[in-house]
Amino acid sequence: MTPALRLLELYGRMATIRRAEERLSKLFADGEVPGFLHLSIGQEAVPVGVCAALEPGDTVASTHRGHGHALAKGMALDGFFAEIMGRASGVCAGRGGSIHVADMSIGMLGANGIVGGGLPLATGSALAHQVKGRPNVAVAFFGDGAMAEGALHECLNLAKLWKLPLVFVCENNGWGEFSPHERQFAAKLAALGAAFAIPYEEADGTDVEAVAAAARRRVEPARRGEGPQILECRTPRWRGHYEGDPQKYREPSNLDAARGQDALALAAARLAAQGVGAEQLAGIERAIAERIDAAVAAARAAAEPDFEAAVAGVYAGGRAHA
Amino acid sequence: MPETRYSAAINRALADAMSADESVVLFGEDVAAPGGPFAVTRGLLAKFGPLRVRDTPISEAAIAGAAAGAALSGLRPVVEIMFMDFMTFTMDALVNQAAKAHFMFGGQCSVPMVVRAPHGGGLNAGPQHSQCLEAWFAHVPGLKVVVPGNPADAYGLLRAAIDDPNPVVFVEHKGLYGAKGELPESPAPVAIGAARIARAGRDATLVTYGAAVAWSLRAAEALAVEGIETEVIDLRSIQPWDEAAVLASVARTRRLVVAHEAVTAFGVGAEIAACASERAFGRLAAPVVRVGAAFMPVPFARSLERACLPGEADIAAAVRRCMAYSR
């Protein structure tokens with residue numbers, strides 16, 4: 001595959017995430033998405049770049065801002081939209097929603113409602129790969145907000161002690177919920193990596209090619225059995241903590257600066273320089289729009305989840321109580 | 001039938017489960033090389049090797065969380081939390097992750113993991129090493145909670161817990177580790193959710209579990225001398241608990257006492273008493289009586305701890321209170 005074709009493929013994956021989330025934003029505003037919605041618009045290069053370095057048997061644990069991770073790992077749009085719209089045909093049968101999209105068949109261990117909650121899950125998944133002798137790695141996506149959670153520090157230590165095939169991928173968007181990162185964390189992730197002697201690398205989270213290359217450099221040693229790795233990606237947060245967040249805590253200049261960092265525009269410019277024209281990108285966009293339209297239409301037509309089935313689904317192997 | 005200690009029965013259940021299924025792995029603080037803080041896991045590292053039997057750092061949140069992640073990725077981890085008090089650190093992994101994954105992912109996965117932890121006082125271990133917190137976990141949909149009271153049940157329930165596709169909190173008792181009991185040559189699993197009639201009786205039903213089973217049996221012996229025949233039901237599992245067995249017994253005896261070491265407030269006894277009042281009100285000849293620890297942290301000094309924890313005399317007194325009613 002030529003570099004241009006490869007970038008075009010990554011562009012398509014990023015555009016799929018961006019357009020899917022833009023559609024979700026609209027659906028949310030129209031009342032068709034219940035609950036809370038945390039969008040990763042602007043951060044698409046990280047999940048797409050990292051997942052480009054993964055094999056199908058590799059596993060990822062995600063965050064509350066996890067749509068990109070799910071789609072980049074290969075979640076189908078139908079089950080994705082149906083889940084977030086609360087339908088029985090959702091990938092989680094309408095029981096989890098946006099913040100819990102998961103697809104075990106592709107190794108996507110779930111978005112997670114708990115900041116830092118995915119880190120121990122990925123650590124355990126890496127342990128399973130190691131014990132079972134699989135040639136796979138686990139990836140723990142986490143935000144800069146999770147740096148202050150004890151789970152990160154425990155997992156860095158455990159992963160290093162046990163030499164687990166685990167890649168810690170931090171999406172540092174500068175904001176932990178409503179407060180800037182510098183008011184939440186006194187250290188640097190690079191220094192933490194050094195403290196645990198875990199190889200650390202930083203990548204520009206708006207440059208999908210840079211993320212993909214860095215991810216390959218971190219994933220391959222982990223896969224070879226050299227132990228855990230850290231990849232930190234600086235990435236912008238275009239949206240509020242959640243949809244509807246008025247972001248009064250944020251200076252307009254900060255928001256403008258974030259929106260000036262556009263992974264999709266950067267990739268498009270690079271493609272143009274390599275001779276991929278706007279009409280080709282427009283064709284990709286049309287195909288994505290059609291797939292999203294179809295997924296949304298299918299979700300709208302799908303049944304609401306059945307309560308009795310949900311109650312029966314609390315325990316594996318049936319109900320605990322007669 | 002040969003006699004076995006409670007701790008040895010757990011050790012054998014772990015060894016048998018690990019021999020039967022190579023997906024079963026064991027990790028926790030000091031469980032491998034040191035053989036466990038209460039010597040429960042002694043010899044398992046030598047038998048199954050360092051890939052499957054591991055010492056962890058003192059990181060309970062990571063231990064429980066990694067167990068959940070490992071269970072999602074094909075292992076059947078059994079982890080040990082050194083004292084049940086330390087399970088405060090495991091709450092996110094158990095309550096938010098393990099308990100909910102099967103449900104909230106729409107049944108795509110199960111989380112076959114076991115967390116073993118000893119609860120209970122009697123060792124003057126003080127407020128942070130003596131608590132009985134099982135009711136917390138029984139309150140969470142998606143978790144199972146078992147509390148074996150003798151070696152045979154410790155073996156059988158642990159095998160069942162390891163085989164179960166759901167996260168199971170396996171509650172041991174520090175004071176029982178040395179207790180002896182019969183264990184068959186080829187012991188069988190014990191179904192989770194099935195109670196056992198430890199002593200049959202016609203006059204009152206005494207529901208209990210864990211170390212309180214032995215106290216209850218001694219109380220029943222004392223009461224028998226007075227002519228009161230107490231039926232002692234060992235719940236064995238508290239989530240799910242055997243409602244049918246308890247209600248059937250109450251239908252016969254018309255009197256119910258629930259005894260456990262944990263504090264009574266918002267506890268297992270409260271749940272059982274509420275269930276009896278909802279479903280057996282017409283049959284009850286007396287109010288349901290609960291026996292449990294005083295509502296206080298488990299104190300250190302011998303005299304204080306003795307006064308705080310319930311025992312045989314408190315249980316017998318509760319049954320006598322029930323017997324004083326007639327209607």
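**Entry on the model.** I am working from a predicted model, and I kept that in mind while reading each of the contacts below.

**Entry on the domains.** I looked up how chain B is divided and found domain 1 at 3–182 and domain 2 at 196–323. I then checked the spacing of these two parts of chain B, and their C-alpha centres lie 26 Å apart.

**Entry on the contact between the domains.** Taking C-beta atoms within 7 Å as contact, I found 26 residues of domain 1 of chain B touching 22 residues of domain 2 of chain B. On the domain 1 side, at least two residues each come from α5 (134–138), β6 (144–146), α6 (151–163) and β7 (168–173) of chain B, and the largest share, 4 residues, belongs to α5(B). When I sorted this side of domain 1 by class, I noted 13 nonpolar, 10 polar and 3 charged residues.

**Entry on the contact between the chains.** I next turned to chain A, and found that 39 residues of chain B are in contact with 40 residues of chain A. Which helices of chain B each supply at least two residues of the side that touches chain A? I found α3 (60–72) and α4 (91–104) of chain B, with α3(B) giving the largest share, 9 residues. By class, the side of chain B that touches chain A holds 19 nonpolar, 17 polar and 3 charged residues.

Methods: Residues numbered from 1 in each chain as written. Chains lettered and ligands numbered in written order. Predicted model: local features only at pLDDT ≥ 70, side-chain atom pairs only at ≥ 80, totals over all residues. Domains from an automatic or database assignment. Contact = placed C-beta atoms within 7 Å. Nonpolar A, V, L, I, M, F, W, Y, C, P; charged D, E, K, R; others polar.
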